[in-house]
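Please read the points below with the sequence and the model side by side. They are meant for someone who is meeting this structure for the first time.

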Amino acid sequence: MVGVTTAYYLLKDGHQVTVIDRQPDAGLETSFANGGQISVSHTESWASPEAPWLMLKWIGRDDAPLLLRLRFDPQLMAWGLKFLANCTHDRAVINLKKNLRLALLSRRLLGELREDTGIVYDHLTRGILQIYRDEDAYQIALRNAAVLHELGSHNHELTAQQCLDLEPALEARRDRLVGGIHTPDDESGDARAFTQNLARICENMGGNFIYDTSIDGLSVEAGAVTGVATSRGEMKANAYVLSLASYGPALVRRIGIKLPIYPTKGYSVTVPTNGHNGAPTVSITDEHNKIVYSRLGDRLRVAGTAEFAGYDTHLNEKRARSILGHARAQFPGAGNFDQAEFWTGLRPMTPDGVPLMGATRLSNLYLNTGHGTLGWTHACGSGRTVADLIGGRNPEVDAADYALTRF
Ligand SMILES: Cc1cc2nc3c(=O)[nH]c(=O)nc-3n(C[C@H](O)[C@H](O)[C@H](O)COP(=O)(O)OP(=O)(O)OC[C@H]3O[C@@H](n4cnc5c(N)ncnc54)[C@H](O)[C@@H]3O)c2cc1C
């Protein structure tokens, strides 16, 4: 989705654009079945003062929201040290502000893109409701929400009853609800449908999409990229945007560029809701179990968990079933759980949880990558920002905040 939104804004600016992807269509890797949330309200980085303690607490627990597989992995160790350096209060606030500014821009642009193109992707604009089962966690969240509200992400504190009034489907676990926070301006939608439909729109705008083609290397001469080696031969352009998610670091390491991106595996479960009426229509974030729910037309998408296990894309059924179990308990009448589809994807995570956008030390190579947990939330803002930088304009956000030079 990040590559395709970049293509869209470049085409709008009048550039000729070619998108190269190894898959037979757009949106078939990380953007395939994510949590669906445009969550401006939830732009905190995972690197927080609490994160190291939580990670230690969860080590060895197979059903933990975050699983660290202890093994020798130099890439993870280097990344982990940078992650720890971002686990201070001050860094967490700085990173939150950078993500929030980009998310606010992105949500506005997504609405404009919808109006301009009429794109269809099962979107809902009923906001996101964060629910809490633990009073202490709720009080901390309310303090954070007050900060976010002041910074422009409007939210309301809701009692347990008000949560139920807003989303009656929460009834089954009413006894365990202590309260919630509703951000009415947040949205949800199917990232894959958006990406694939936007790719078609881009084609109609003159964009050239070359699928089933792997990018194998970049040729460099005199401080600039001179071509891309692909499985269909070399391709050339004036400027190049790298949006390969977790697979970018290996490609550019060979030309001396280090990208601090580590793959973080997540899972989703998609439950068909046809013939059932117990699925939520407000997107829900269950803070206690670190799981998100988004209604996508006649499906309920449930996503969560993080696993630091390198590039292993194997689907651990136990972890997927644990998500399904939470969904069944929370929304027993939501749909046909026996027909749930499981999926896993690698979030391209930077240590500070902020994406990497903009120039590199090669004059015509730009980055738009490392969107981690927030790629859907940040996609339009990132595409617009990188197109602005390539076009020599000042983006609406401060490009220095997202530059590779911060590492
Ligand atoms: C379980 C889960 C839940 C999530 N929930 C949310 C959410 O609710 N909200 C949110 O904002 N974000 C969410 N995310 C994050 C979001 O999905 C990602 O940040 C986003 O999909 C990243 O998009 P991308 O375009 O960078 O990566 P991708 O979609 O992976 O795109 C990269 C593209 O590069 C291509 N490619 C890679 N290497 C090569 C190569 N060598 N040659 C040719 N092509 C190549 C791939 O085929 C792919 O199409 C979630 C992620 C996961 C895993």
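**Notes on the predicted model**

1. Strand E9 is joined by six bridges to strand E10 (residues 224-230), and the two run antiparallel; helices (H or I, at least four residues) and strands (E, at least two) are DSSP runs numbered from the N terminus, and two strands count as paired if DSSP finds at least two bridges between them. Within this pairing, serine 219 stands opposite glycine 227 in E10.

2. On the basis of the model: it is predicted, so local features need pLDDT of at least 70 and side-chain atom pairs count only at pLDDT 80 or more, while totals for chains, interfaces and linings use all residues. Residues are numbered from 1 along each chain as its sequence is written, and side-chain values use heavy atoms, with hydrogens and water left out.

3. Strand E13 deserves a separate look: 10 of its 11 residues are buried, so the strand is largely enclosed by the rest of the structure. Buried here means under 20% relative accessible area, exposed means over 50%, and partly exposed lies in between (1.4 Å probe, protein chains only). E13 pairs in the antiparallel sense with E17 over nine bridges, and with strand E16 (residues 299-308), also antiparallel, over seven bridges. Threonine 270 takes part in both pairings, standing opposite glutamate 341 in E17 and having arginine 301 as its bridge partner in E16.

4. Which residues are closest to the ligand? Of the 31 residues that surround the ligand, the closest are Asp21, Thr30, Ser31, Ile215 and Thr377, a residue being counted if one of its heavy atoms lies within 4 Å. By class, this shell has 10 nonpolar, 17 polar and four charged residues.

5. Individual atom distances to the ligand can also be given. A polar side-chain atom of threonine 30 lies 2.5 Å from an oxygen atom of the ligand, a backbone N or O atom of valine 2 lies 3.0 Å from a ligand oxygen atom, and a polar backbone atom of glycine 375 is 3.0 Å from an oxygen atom of the ligand. The protein covers 95% of the 1,000 Å² of accessible area that the ligand has on its own. Strand E13 (262-272), strand E17 (341-349) and helix H10 (375-390) are the elements that give two or more residues to the shell around the ligand.

6. A hairpin is formed by E18 and E19, with five residues between them. Strand E18 (residues 356-359) and strand E19 (residues 365-369) pair in the antiparallel sense over four bridges, and the bridge partner of glycine 358 in E19 is leucine 367.

7. Two helix residues may be set side by side. Glutamine 330, in helix H9 (residues 317-330), counts as buried at 2% relative accessibility, and its side chain makes a polar contact with the side chain of arginine 133 (2.6 Å); such a contact is a pair of N or O atoms within 3.5 Å, of which, within protein, one must be able to donate a hydrogen and the other to accept it, and residues adjacent in sequence count only if both atoms are side-chain atoms. Aspartate 90, in helix H4 (residues 89-117), is exposed, with a relative accessible area of 55%.

Technical notes
Areas by Shrake-Rupley, 256 points an atom, 1.4 Å probe, with all protein chains shown as cover. Nonpolar A, V, L, I, M, F, W, Y, C, P; charged D, E, K, R; others polar.
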